[in-house]
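Student: I'd like to learn how to read a protein structure. Can we go through one together?

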Amino acid sequence: MKTQKRAYRKVVFISLILCGIIVFWGEQVFAGEWTNTQKEVWKEIETVWEGFKLGKLPDDEGSLEWWSDQLEPYGGDKLKRNYERWFAYDKPVSYELKPLQILIYGNVANVFYVSKWKGKKIGDSGRHMETFVKQDNKWKFLGAMGCSCEQAPICP
């Protein structure tokens with residue numbers, strides 16, 4: 001009986017060590033696989049979210065966004081008013097972003113990620129797909145589609 005317990009403990013211990021190594025390597029490989037171009041694009045997204053914390057409107061002239069509570073995508077003044085309404089009611093105090101994929105096609109980048117943010121009054125989790133185009137050696141936001149996913153299992 002004691003031999004079985006020892007064998008069981010050894011198997012569990014070795015399994016836990018192997019799982020830890022696999023998780024550690026998985027995290028390292030994901031970040032290590034990004035190209036410099038992918039890192040540039042991701043930095044743009046992080047910059048916009050930092051601006052949200054300050055109540056700063058994104059510089060998205062000529063772009064369209066489609067939020068989950070809207071029937072159609074919108075841009076320009078309508079998009080600006082929507083951000084202003086959001087910031088007047090509440091804005092992110094803290095947030096978490098998790099990139100899923102960053103696909104680069106020449107001078108176009110598609111970024112898929114999930115977010116979770118909390119404000120003083122409300123918070124939300126969401127799924128996002130954002131498109132950027134590189135012009136004049138800078139990544140310019142072109143368009144996005146996002147949805148709230150408070151109940152979805154893939155949100156952080």
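Student: Which residue takes a positive phi in the hairpin of β5 and β6?

Tutor: That's D136, with a phi near 50 degrees. The hairpin there has two residues between the strands. Keep in mind that we're looking at a predicted model.

Student: How many bridges join β5 to β6?

Tutor: Ten, and the two strands run antiparallel.

Student: Let's turn to helices. Why should helix α3 span 20 Å?

Tutor: Helix α3 covers residues 76-89, which makes 14 residues, and at 1.5 Å a residue it should span 20 Å. The expected span counts one less than the number of residues, because that is how it is defined. The end C-alpha atoms of α3 are 20 Å apart, so the model agrees with the expectation.

Student: And which residues of α3 are buried?

Tutor: They are L79, N82, Y83, W86 and F87. Buried here means under 20% relative accessible area. Now look down the axis of α3: the buried residues fall within an arc of 130 degrees, so they line one face of the helix.

Student: Which residues are exposed on the other side of α3?

Tutor: You'll find D77, R85 and A88 there.

Student: What covers the buried residues of α3?

Tutor: The cover includes α2 (36-54), β1 (64-66), β2 (74-75) and β4. That β4 is the strand joined by bridges to β5.

Student: Can we zoom out? How many helices and strands does the protein chain have?

Tutor: It has three helices and six strands. Going along the sequence, the pattern reads α-α-β-β-α-β-β-β-β.

Student: What share of the chain's 156 residues counts as buried?

Tutor: The figure is 28%. Among contacts with a separation of 6 or more, 53% come from residues 24 or more positions apart.

Student: And what does the accessible surface of the protein chain come to?

Tutor: About 11,000 Å², and 58% of that belongs to carbon and sulfur atoms.

Terms used:
Residues numbered from 1 in each chain as written. Predicted model: local features only at pLDDT ≥ 70, side-chain atom pairs only at ≥ 80, totals over all residues. Heavy atoms only, no water. Pairing = 2+ DSSP bridges. Helix = DSSP H or I, 4+ residues; strand = E, 2+ residues; numbered from the N terminus. Buried < 20%, exposed > 50% of the residue type's maximum accessible area, 1.4 Å probe, protein only. Arc of directions from axis to C-beta. Contact = heavy atoms within 4.5 Å. Areas by Shrake-Rupley, 256 points an atom, 1.4 Å probe, with all protein chains shown as cover.
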